[in-house]
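The following note was prepared for a colleague who wishes to review this entry alongside its sequence and coordinates.

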Amino acid sequence: MQTNATYTSLVAIGDSFTEGMSDRLPDGSYRGWADLLAARMAARTPGFRYANLAVRGKLIGQIVAEQVDVAAAMQPDVITLVGGLNDTLRPKCDMGQVRGLLEEAVERLAPACKQLVLMRSPGRQGPVLARFRPRMEELFACVDDLASRHGALVVDLYGAPSLGDPRMWDVDRLHLTGEGHRRVAEAVWQTLGYDPEDADWRTPMPPSAPPGWGARRTADARFARQYLLPWIGRRLTGRSSGDGRPAKRPDLLPYETPGA
């Protein structure tokens, strides 16, 4: 890994994690770690260009079909790819197919950029992580293998104690808060060889008193009503939260701060 790196362009592909949910801006749009990373890189490099092709709800097959060739054709300095986790969270998941599609994506992306970045996605501590941990770790083993064979960098978010803290996660329990996304941006920044701005991004938050029984039950009921039941409904009907939704930054253009 080089230090004091200089890159002139970034293309991010993936699902809701890379789109930026749930780091919500005042206008209701999402920012997220990729936008934060692009802003930092642009501050160091005049004319820095950025595209974000990620769309919430996408499975790895959809990412390969809809985003990989577009990203490769842009020939950026850096491509980030995070995908496959949505597949692992589905009751019926062919992990062999997921691994094959991820390998296909890496084989097409690695030659199209100076540096491909893969990730071991973060996991919120709780029953969901416990249930799907074997699939997730199988996915991450594939990520590590592909990185070693294709010269990609791996950002290990799964092994970061800070990102397992439920307080780093939004009320939907699936997406990081703004602070979580900030720490991810820092992790990728350092992995790319830039000098740390927060050397302690892995450090857990200070302990706090756990919520009482009533508060936990209220939070559980809200989660089930607003997020879990709609998610189950989409699974049963074959729909996705990203159906018909365009990429947030489909073109590789000079980065401009939102609202500037």
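The points below proceed from the overall chain to its cores, a helix pair and individual residues.

1. The structure is a predicted model. The protein chain holds nine helices and six strands. Of its 260 residues, 48% are buried. Among contacts in the chain with a separation of 6 or more, 77% are between residues 24 or more positions apart.

2. The largest nonpolar core. This core comprises 38 residues, and the members that touch the most others are Val11, Ile13, Leu81, Leu102, Leu109, Leu116 and Leu118. Two or more residues come from each of strand S1 (9–14), H3, strand S3 (78–82), H5, strand S4 (115–120) and helix H6 (127–150). Helix H6 gives the largest share, namely eight residues. Apart from this core lies another one of 34 residues, including Met41, Phe48, Leu157 and Ala187.

3. Leu102 as a core member. Which residues does Leu102 contact, leaving aside its neighbours within four places in sequence? The partners are Ile60, Leu81, Gly83, Leu139, Cys142, Val143 and Leu146. Leu102 and Leu81 are both listed with the residues that touch the most other members of the largest core.

4. The pairing of H3 with H5. The axes of helix H3 (residues 60–74) and helix H5 (residues 95–109) come within 10 Å and cross at roughly 0°. Because angles under 35 degrees count as roughly parallel, H3 is roughly parallel to H5. On the H3 side the contact involves Ile60, Gly61, Val64, Val68, Asp69, Ala71 and Ala72, and on the H5 side Val98, Leu101, Leu102, Glu104, Ala105, Arg108 and Leu109. By class, the residues of this contact divide into ten nonpolar, one polar and three charged.

5. Leu101 belongs to helix H5. Is Leu101 buried or partly exposed? Its relative accessible area is 21%, so Leu101 counts as partly exposed, the limit for buried being under 20%. Beyond its neighbours within four places in sequence, Leu101 is in contact with Ile60, Gly61 and Val64. Leu101 and Ile60 are 41 residues apart along the chain, while their C-alpha atoms are separated by 6.7 Å.

6. Glu138 in H6. Glu138 is placed in helix H6 and is partly exposed, with a relative accessible area of 30%. When neighbours within four places in sequence are left aside, its contacts are Met95 and Arg99. Met95 lies 43 residues from Glu138 along the chain, with a C-alpha separation of 8.1 Å.

7. Cys93 is located in the loop between helix H4 (85–88) and H5. Not counting residues up to four places away in sequence, Cys93 touches Asp87, Thr88, Val98 and Arg135. For the pair Cys93 and Arg135, 42 residues apart along the chain, the C-alpha atoms are separated by 9.0 Å.

8. Pro166 and the segment it meets. Pro166 sits in the loop between helix H7 (161–164) and helix H8 (178–191). With 37% relative accessibility, Pro166 counts as partly exposed. Its contacts, apart from neighbours within four places in sequence, are with Arg124 and Gln125. Pro166 and Gly123 are 43 residues apart in sequence, and 9.3 Å apart in space from C-alpha to C-alpha.

9. Where is the cis peptide bond? It joins Met21 and Ser22, with omega at about 5°. Ser22 lies in the loop between helix H1 (16–19) and helix H2 (33–44). Gln75 occupies the loop between H3 and S3. At 52% relative accessibility, Gln75 is classed as exposed, the limit for that class being over 50%.

Conventions
Residues are numbered from 1 along each chain as its sequence is written. This is a predicted model: local features need pLDDT of at least 70, side-chain atom pairs count only at pLDDT 80 or more; totals for chains, interfaces and linings use all residues. Side-chain values use heavy atoms; hydrogens and water are left out. Axes are lines fitted to C-alpha atoms, for helices over the stretch in contact, and angles run from 0 to 180 degrees between N-to-C directions. Helices (H or I, at least four residues) and strands (E, at least two) are DSSP runs, numbered from the N terminus. Angles under 35 degrees count as roughly parallel, over 145 as roughly antiparallel, 65 to 115 as roughly perpendicular and the rest as oblique. Contact means heavy atoms within 4.5 Å. Ala, Val, Leu, Ile, Met, Phe, Trp, Tyr, Cys and Pro count as nonpolar, Asp, Glu, Lys and Arg as charged, and the others, Gly among them, as polar. Buried means under 20% relative accessible area, exposed over 50%, partly exposed in between (1.4 Å probe, protein chains only). A nonpolar core is a set of buried Ala, Val, Leu, Ile, Met, Phe, Trp, Tyr and Cys residues joined through side-chain atoms within 4.5 Å.
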